[in-house]
Amino acid sequence: MTKKIAVLPGDGIGHEVTAEAVKVLERLRRDFGLKVTMDSAPVGGTAYDVYHHPLPASTLALAKQADAVLLGAVGGYKWDTLPRELRPEKALLALRSELQLFANLRPAILYPQLASASTLRADIVAGLDLLIVRELTGDIYFGEPRGTRTLANGEREGFNTMKYAEHEVERVARVAFIAARKRNKKVCSVDKANVLEASGLWREVVIRVAEDFQDVELSHMYVDNAAMQLVKAPKQFDVIVTGNIFGDILSDEASMLTGSIGMLPSASLDAQNKGMYEPIHGSAPDIAGKNCANPIATILSVAMMLRYTLGEPMLAERIERAVSKVLDQGLRTADIYTEGMTKVGTKEMGDAITQGLM
Ligand code: IPM
Ligand code: MG
């Protein structure tokens with residue numbers, strides 16, 4: 001059956017990196033039997049410029065009726081002064097919540113070819129392969145009440161609400177345990193249960209879910225310690241499961257262990273494995289339009305799409321092998337460049353990977 005992919009390039013380097021990922025998809029379609037249709041629509045600041053809204057109804061409709069969404073990145077200086085409701089980032093949050101993409105999978109894998117690109121010592125990160133499962137539709141990101149108010153003394157105050165309902169914790173914990181079963185069978189749940197009620201409940205529910213996964217080892221860690229352990233001894237982790245805001249922060253940290261945020265893909269899944277796939281890096285307006293962004297994170301996001309939503313694990317592996325091969329050949333975009341390698345641009349990297357899809 002032909003599946004539908006909605007392509008939402010977004011802003012900044014989002015355009016350049018999704019163009020390379022689409023190239024890869026087109027080659028898979030032409031030469032390797034992948035049956036997909038692709039339709040694109042604007043999102044973020046690019047959409048705001050035309051429709052005066054970062055997530056136009058037509059874009060949301062396209063995303064809703066697709067089987068999978070490929071998203072580039074959103075945001076840029078130009079839109080930073082808009083009211084919060086109209087900022088590009090709002091489109092991303094609305095897509096996550098409208099499509100009920102509650103489970104965000106962010107793998108941090110160190111390609112051996114890039115061990116020296118990490119800012120950490122090679123022996124600390126060599127062989128690193130961890131997966132952060134971040135809850136994506138709850139927590140302080142969406143909790144009500146929120147806003148700003150004026151206190152009795154005339155001073156203004158901003159406020160947000162961190163909260164988690166049991167079912168929200170339960171479903172994301174299940175995703176983490178199921179993922180761990182296919183890996184090294186360890187889940188570390190990260191919270192701040194020593195201080196926060198929301199975290200206390202989070203921990204209780206995770207412990208309850210763990211009863212259904214006796215073959216998986218569960219541990220708990222406070223988020224401050226987790227931040228430290230990630231740079232001290234990152235290889236102790238297999239799967240980390242955590243809430244929205246802690247996951248936001250820890251996944252940026254984990255990405256740097258691998259040398260470049262330009263390498264890391266992500267998947268955001270609903271209960272039926274419909275997903276939105278995006279690189280974890282942002283729109284990088286400072287380098288946009290210069291053909292120097294790394295398209296690998298987006299191309300690897302396509303591999304995740306093939307694996308989780310499109311049911312094509314062999315094609316996913318084909319992409320991953322092609323990426324590994326171009327790295328073996330010494331091709332590097334600027335963000336992962338080290339001396340002695342061949343520096344290439346976004347397009348050249350995309351072409352090499354597309355050709356490498358043997
Ligand atoms: C991410 C980003 C987003 C988030 C921003 C752009 C809203 O940092 O996907 O990690 O905070 O979730
Ligand atoms: Mg983030």
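**Ligand site and helix packing**

Helix α4, residues 88–98, contributes three residues to the shell around ligand 1, the most of any element. Before going further: this is a predicted model.

Which residues make up that shell? Around ligand 1 we have Glu-89, Leu-92, Arg-96, Arg-106, Arg-134, Tyr-141 and Asp-248. Sorted by class, five of the residues in the shell around ligand 1 are charged, two are nonpolar and none is polar.

Now the polar side-chain atoms and the ligand. Arg-96 places a polar side-chain atom 2.7 Å from an oxygen atom of ligand 1. For Arg-134, the distance from a polar side-chain atom to an oxygen atom of the ligand is 2.8 Å. For Tyr-141, the corresponding value is 2.5 Å, again to an oxygen atom of ligand 1. As for cover, ligand 1 on its own has 320 Å² of accessible area, and the protein covers 74% of that.

Next, the helix pairs.

I start with helix α1, residues 13–31, and helix α10, residues 296–308. Their axes are 8 Å apart and the packing angle is about 45 degrees. The crossing in which α1 passes α10 is right-handed.

Staying with α10, what is its packing angle with helix α11, residues 313–328? The angle between α10 and α11 is about 160 degrees, with the axes 7 Å apart. The cut-off for roughly antiparallel is over 145 degrees, and α10 and α11 are therefore roughly antiparallel to each other. Their crossing is left-handed.

The remaining pair on my list is helix α6, residues 166–181, with helix α7, residues 197–210. Here the axes lie 9 Å apart, at an angle of about 50 degrees. That angle makes α6 and α7 oblique to each other as well. The crossing of α6 and α7 is right-handed.

Last, the backbone. As background, most peptide bonds are trans, and most residues other than glycine have a negative phi. There is one departure of each kind to mention.

Which peptide bond is cis? The bond from Glu-144 to Pro-145 is, with omega near 0 degrees. Pro-145 sits in the loop that runs between β5, residues 129–135, and β6, residues 147–150.

Where is His-52 found? His-52 is in the loop between α2, residues 45–51, and α3, residues 57–65.

That is what I had. Questions are welcome.

Note on methods:
Residues numbered from 1 in each chain as written. Chains lettered and ligands numbered in written order. Predicted model: local features only at pLDDT ≥ 70, side-chain atom pairs only at ≥ 80, totals over all residues. Heavy atoms only, no water. Near = heavy atom within 4 Å. Polar contact = N/O pair within 3.5 Å; in protein donor to acceptor, adjacent residues only side chain to side chain. Areas by Shrake-Rupley, 256 points an atom, 1.4 Å probe, with all protein chains shown as cover. Helix = DSSP H or I, 4+ residues; strand = E, 2+ residues; numbered from the N terminus. Nonpolar A, V, L, I, M, F, W, Y, C, P; charged D, E, K, R; others polar. Axes fitted to C-alpha atoms, helices over the stretch in contact; angles between N-to-C directions. Left-handed = near helix turned anticlockwise from the far one by under 90°. Parallel < 35°, antiparallel > 145°, perpendicular 65-115°, else oblique.
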